[in-house]
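Thanks, everyone. Please have the sequence and the model up on your screens. I'll walk through it piece by piece.

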Amino acid sequence: MKYIIFGLGSFGKSLAIRLTELGHETIGVDNNMQKVEQLKDRITHTVCMDCTDKNAVSSLPLKDADSAIVAIGEDEGASLLTTALLKQLGVKKIIGRVVSDLQKTVLEAMQIEEYILPEEESAERLAMRLDNSGIVDSFKISEKYSIIETRVPQRYVGMSLAEADLTNRYNVIVLTVLTLSKQSENGLAKIFKRASGIATPTTVMHEDEVLVLFGSLNDIEKLMH
């Protein structure tokens with residue numbers, strides 16, 4: 001997949017490196033030549049440009065990108081201008097970075113439905129979500145084990161946990177099942193998660209539900225594919 005990251009500060013840099021390590025084509029963009037030079041041998045492509053310049057940004061392969069991530073944090077004005085510009089240019093998926101309540105309000109007004117709060121979401125977690133579209137969220141417990149939220153694989157829809165036997169087949173534990181619902185808040189559609197309680201062998205998995213799994217990432221990925 002192809003990702004364009006605007007802003008190569010500590011968060012953008014970590015995200016760009018991790019996505020490249022996961023095998024994705026990653027383009028890092030920043031107006032600071034020193035940051036660009038530092039990363040040129042660690043990610044797929046680096047570009048030094050003013051992220052708020054429409055002509056410059058238009059020269060990037062925006063239509064081919066699976067996501068554009070605005071990781072600019074230190075300059076809220078530049079971050080919002082870049083986001084607005086990408087929206088204007090018709091980028092199909094924009095993920096914005098939020099560092100204040102005001103910025104969050106403006107992004108919601110622009111109908112940016114996905115945004116990150118770096119204090120709450122690490123670059124590692126975001127990279128994992130982008131790497132696998134089935135992952136809704138993830139939390140690393142240790143070097144080996146993680147808690148992963150993932151959509152119910154199609155082959156298990158309608159089956160109980162006892163029938164699927166995921167613990168014996170994949171060495172993972174289903175902690176709970178989440179139901180997703182879309183509700184309107186201040187005129188914007190938001191996704192809400194509701195847990196069904198502790199999972200039991202009789203718990204039945206339904207389409208569009210999310211499993212909360214505990215196990216090693218390798219084992220969880222085997223279950224998902």
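Start at glycine 28. Its opposite number in strand 3 is threonine 46. Strand 2 covers residues 25–30, and strand 3 covers residues 45–48. The two run parallel, joined by four bridges. How does the chain get from strand 2 to strand 3? It goes through helix 2, residues 33–39. That β-α-β crossover is right-handed.

A word on confidence, since this is a predicted model. The mean pLDDT of the protein chain is 84. Of its residues, 87% reach 70 or more. Which element has the highest mean pLDDT, and which the lowest? Strand 2 is the highest, at 96. Strand 7, residues 135–140, is the lowest, at 67.

Now step from strand 2 to strand 1. Strand 1 is residues 2–6. These two strands pair in the parallel sense, over five bridges. Look at phenylalanine 6: it stands opposite valine 29 in strand 2. Between the two strands comes helix 1, residues 10–21. Strand 1, helix 1 and strand 2 form a β-α-β unit, and that unit is right-handed.

Is strand 1 enclosed or open? Five of its five residues are buried, so the rest of the structure largely encloses it. Side chains in a regular strand alternate between the two faces of the sheet. Here is how that looks in strand 1. Lys2, Ile4 and Phe6 point one way. Tyr3 and Ile5 point the other way. All of them are buried, the lysine included.

Strand 1 has another partner too. Strand 4 runs parallel to strand 1, and four bridges join them. Find isoleucine 4: its bridge partner in strand 4 is alanine 68.

On to strand 4, residues 67–70. Strand 4 also pairs with strand 5, again in the parallel sense, over three bridges. Isoleucine 69 has isoleucine 95 as its bridge partner in strand 5. What lies between strand 4 and strand 5 in their β-α-β unit? Helix 4 does, residues 76–88, and the unit is right-handed.

Why call alanine 71 buried? Its relative accessibility is 2%, and the cut-off for buried is under 20%. Valine 98 is 27 residues from alanine 71 along the chain. Their C-alpha atoms are separated by 8.7 Å.

Now strand 5 itself, residues 94–97. Ile94 and Gly96 point one way, Ile95 and Arg97 the other. All four are buried. Strand 5 runs parallel to strand 6, residues 114–116, with three bridges between them. There, arginine 97 has isoleucine 116 as its bridge partner.

Aspartate 50 is 20 residues away in sequence. From C-alpha to C-alpha, aspartate 30 and aspartate 50 are 7.0 Å apart.

Both aspartates line the second largest pocket. How much space lies in that pocket? About 170 Å³. Its lining also includes Gly7, Asn31, Lys35, Cys51 and Thr52. What classes of residue make up the lining? Five are charged, four polar and three nonpolar.

Aspartate 165 has a phi near 55°, a positive value in a residue other than glycine. Where is aspartate 165? In the loop between helix 7 (161–164) and helix 8 (166–170).

Aspartate 208 is in the loop between strand 10 (188–198) and strand 11 (209–216). With a relative accessible area of 55%, aspartate 208 counts as exposed.

Note on methods
Residues are numbered from 1 along each chain as its sequence is written. This is a predicted model: local features need pLDDT of at least 70, side-chain atom pairs count only at pLDDT 80 or more; totals for chains, interfaces and linings use all residues. Side-chain values use heavy atoms; hydrogens and water are left out. Two strands pair if DSSP finds at least two bridges between them. A crossover is right-handed if, with the strands pointing away from the viewer, the path from the first strand over the helix to the second runs clockwise. On a 1 Å grid over the protein atoms alone, a cavity is a set of points where a 1.4 Å probe fits but cannot get out, and a pocket is an open set with protein on both sides within 12 Å along at least five of seven lines; lining residues have an atom within 4 Å of a point. Grid points are joined across faces, edges and corners, and a volume is the space filled by probe spheres set on the points. Ala, Val, Leu, Ile, Met, Phe, Trp, Tyr, Cys and Pro count as nonpolar, Asp, Glu, Lys and Arg as charged, and the others, Gly among them, as polar. pLDDT is the predictor's confidence in each residue, from 0 to 100. Buried means under 20% relative accessible area, exposed over 50%, partly exposed in between (1.4 Å probe, protein chains only).
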